[in-house]
Amino acid sequence: MSQATVSADTHSEMEVDLLIAGGGPAGMTAALVASLEGLDVLLCEKSNQVGGTGATSAGTLWIPGNSQSRAAGFSDSSEQADLYLNALIGEATNRELRNAYLQTGPKAIDYLCARSDVQFLPCGNHPDYRSNMPGAAVAGRAIVPEPFDGRLLGAEFQRIRPPVPEFMVFGGLMVGKADISRLVGRFDSFANFIYCAKLFARYVADRLKYKRGTRLMMGNALVGRLFYSLRKRKVPILFDAPIVRLTGDRRGVKGACLNVGGREILIKARKGVVLATGGYAHNKRFRETFMPQPVPEYSMSYEGNRGDGVDIGQRLGASITPQQCTSGLWTPVSVVPRPDGSKGLFPHLVLDRAKPGLIAVNSAGRRFVNEAASYHDFVLAMFESNKITPPSIPAWLICDAAFMGRYGLGVIYPGHRNPGKFVDSGYLDSAQTLEELAGKAGIDPMQLHLTVTRYNSFAETGVDIDFDKGETELNRFNGDTAHKPNPCIGPISAPPFYALAVLPADIAVSTGLATDADAQVLASDGKPIPGLYACGNDMASVMAGSYPGPGTTLGPAVVFAYRAAMHAKGVTI
Ligand SMILES: Cc1cc2nc3c(=O)[nH]c(=O)nc-3n(C[C@H](O)[C@H](O)[C@H](O)COP(=O)(O)OP(=O)(O)OC[C@H]3O[C@@H](n4cnc5c(N)ncnc54)[C@H](O)[C@@H]3O)c2cc1C
C-alpha cells in the first residue's frame, strides 16, 4: 500500500506490516519510525484530525541526558535520573522499563531529529517537580518541539487539532510562555512593540487564508511536525476509522477490524498492531475503577479518548496495571464560562500559583498545600485534604487586586483592564473584604481572615513555616525572581479580594496495558502477546503514577513508540 490518503470505500480488507491505531504523538511516532525502518504501515485515526490531547498540550518531553541540552551546555545523565526515580518511585518499580526508557530516550530523539522534520530545542532551566530529591535536575532534562510553520501543510493544516480556545489570543493566535510577558509589556520597549507587531501582522495574514494562526508552538508544533513528516513519507492515514477489535488471540495478534462509515474493514498486519488510542480518560467504567473517590468530574484529555485501546486489549486477555493508584496525572483547573454557553477548563500549571500574594484554601478557610508545588502534587494534596476536611474539592485560589494586576489569575491575563467582567460571568468571586469574599464563595470567613493574617506575616519574613512555599528550585522558578525576600510569598492586602474555585482534572492517565520494555503488551500470565504493542496513554506509565518532571507522559510516549516500531521491524536497540 503506498498512497498517502487511503479510501476505505474501495477496500473491505487490506494487508500491511504494521497497523497503528491512534493519531496522537505516540501513534504518529510509531508510524513514522516504522516507516523510516522500511515497514509497510497504516495509521488509523478515530476522528478527522490528528493530535488528540497532544495537540492541546505544552509539548514538553522529559528526556534525561538528551543531546540537545548537552549541546547547549547543560550536563545531565541517565544515572542521575535513575537516582531521582529511585527516590521518587522506589528502586524495584518498573525496573526493566525504566532502564529501557533512560537508555533509549536520547537515542530515540536523535533518531527523529536526524531522519525527519521532528526537531527539538532544549528547555534550559526547567526544574524537576521534586527538585529537592537526590538526582533531581534543575536544568537540561526537558526538551520542547521547535515551533512549526503550519503553512507547510497547505490545505492539510486543518487536519491538526487546534489548541483549546483559552490558550489562544484574538480567537486563534497561539502564544507561548515567553510571548506572554512581551504581549503584556508591548508598550514597555521598542523591541517588545516590534515583536508584537510582527506576531500580529503574521496572524492577520494567516487569517486571510486559514481558520487560525499557523505559527504552531508546544504540543501543536509536535503534532504538526509528526504529521508533516508522515505526509512527506506518504504514510497512509485513514481518518474517521476507529479500531474496534483485534483479530487473532493471546497466542498472536493477526490484525484488527476498523469501523469505517459503519462498515467493518479487516486489516491484516504481518508484524502486528500498535494501540495508541490515548488512554481511558473519558471511559466512565475505567474512571470509576482506577481513579480516586469521589471520581473527578473533569478531564483535559481529548474527548475521543474513551479507553478503546485498553478495552480492546483487555478483551484479548491483556493485563492492566496498576489497578490501585490515583491513576491520573493531575492539574487543578478553573471552569471558564464561554460566551456560547459551553464551559472551558483552564489548567493552573505554572503561571499563577507560585507567584507571591496567592494562597489556596479549602472550605474551612485553611491552607493545605505549598501552592507552588507541581500541578500534580497540588491535586494530590487536594485529594488528601478532602479526606480530612471535606469539601476541599473545590479549593479556592485567593489573591488581591495588586496580584491580579501584576500576575493575572487563570484565564485573566496580567494587567487586564476589567477583571470585573469575569466576576460578572461567574468565573470568580470578588469582594471588598475577606469576610464578604468568604461568604460569597462558601468558605469559613473567620478562618479565612486568620489564614490570610498568618500568611501575610510570612510575607514579611520570607519564610512559610506552614508549607515551605518558595523553598524549592521549582517553587522559585515559577515565582517572581524580582520579588524579595521570597519570590513566592507576598501580602494579600489590597482590595478587592478574589476567590477562584479550582478542581482536579487529569491531563493524562497512568493506568494502562501492562507491557515489557519493547512495548509488547503482556497477558495476565506476564508473557508478551506476540504482535500486540501499546504506547502513549494506552500503555501503563513507566513512572507508575508519579510525575517526576516536565514531559512525563510525552517523553515515554515517544520513546516507547520508537521501541515498539523497532521491535516490530526486528531491530535490536
Ligand atoms: C493542557 C495539557 C498540557 C499537557 N502538557 C504536557 C507536556 O508538556 N508534556 C507531557 O509529557 N504531557 C503533557 N500533557 C499530556 C499529554 O498531552 C498526553 O499524555 C499525550 O498527548 C498522550 O499521547 P497519546 O498519543 O497517548 O494520546 P493522544 O494525544 O490523546 O492521542 C490519541 C489519539 O487516538 C485517537 N483514538 C482514540 N480512540 C481511537 C480508536 N478507537 N481508533 C483510532 N484512534 C483512536 C484519538 O482520536 C487521538 O487522536 C498535557 C496535557 C494537557 C491536557
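A: Helix H1 (residues 25-36) packs against helix H7 (residues 218-232) at an angle of about 30°, and their axes are 10 Å apart. Helices here are DSSP runs of H or I with at least four residues, strands are runs of E with at least two, and both are numbered from the N terminus. The axes are lines fitted to C-alpha atoms, for helices over the stretch in contact, and angles run from 0 to 180 degrees between N-to-C directions. This is a predicted model, in which local features need pLDDT of at least 70 and side-chain atom pairs count only at pLDDT 80 or more, while totals for chains, interfaces and linings use all residues. Residues are numbered from 1 along each chain as its sequence is written.

H1 and H7 are therefore roughly parallel to each other, given that angles under 35 degrees count as roughly parallel, over 145 as roughly antiparallel, 65 to 115 as roughly perpendicular and the rest as oblique. Their crossing is left-handed, a term used if the near helix is turned anticlockwise from the far one by less than a right angle, with clockwise being right-handed. On the H1 side, Pro-25, Met-28, Thr-29, Ala-31 and Leu-32 meet Leu-222, Val-223, Leu-226, Phe-227, Ser-229 and Leu-230 of H7, where contact requires C-beta atoms, placed from the backbone, to lie within 7 Å. By class, this contact of H1 with H7 has 9 nonpolar, 2 polar and no charged residues; Ala, Val, Leu, Ile, Met, Phe, Trp, Tyr, Cys and Pro count as nonpolar, Asp, Glu, Lys and Arg as charged, and the others, Gly among them, as polar.

Another pair, helix H3 (residues 78-89) and helix H4 (residues 95-115), has axes that come within 10 Å and cross at roughly 150°, which makes H3 roughly antiparallel to H4. The crossing of H3 past H4 is right-handed, and the contact joins Ser-78, Ala-81, Asp-82 and Leu-85 of H3 to Arg-98, Leu-102 and Gln-103 of H4. The residues of that contact divide into 3 nonpolar, 2 polar and 2 charged.

Around these pairs, the protein chain holds 16 helices and 24 strands, and its C-alpha atoms fill a box of roughly 70 × 55 × 50 Å along the principal axes. Among the contacts in the protein chain with a separation of 6 or more, 74% join residues 24 or more positions apart.

How values were computed: Two residues are in contact if their C-beta atoms, placed from the backbone, lie within 7 Å.
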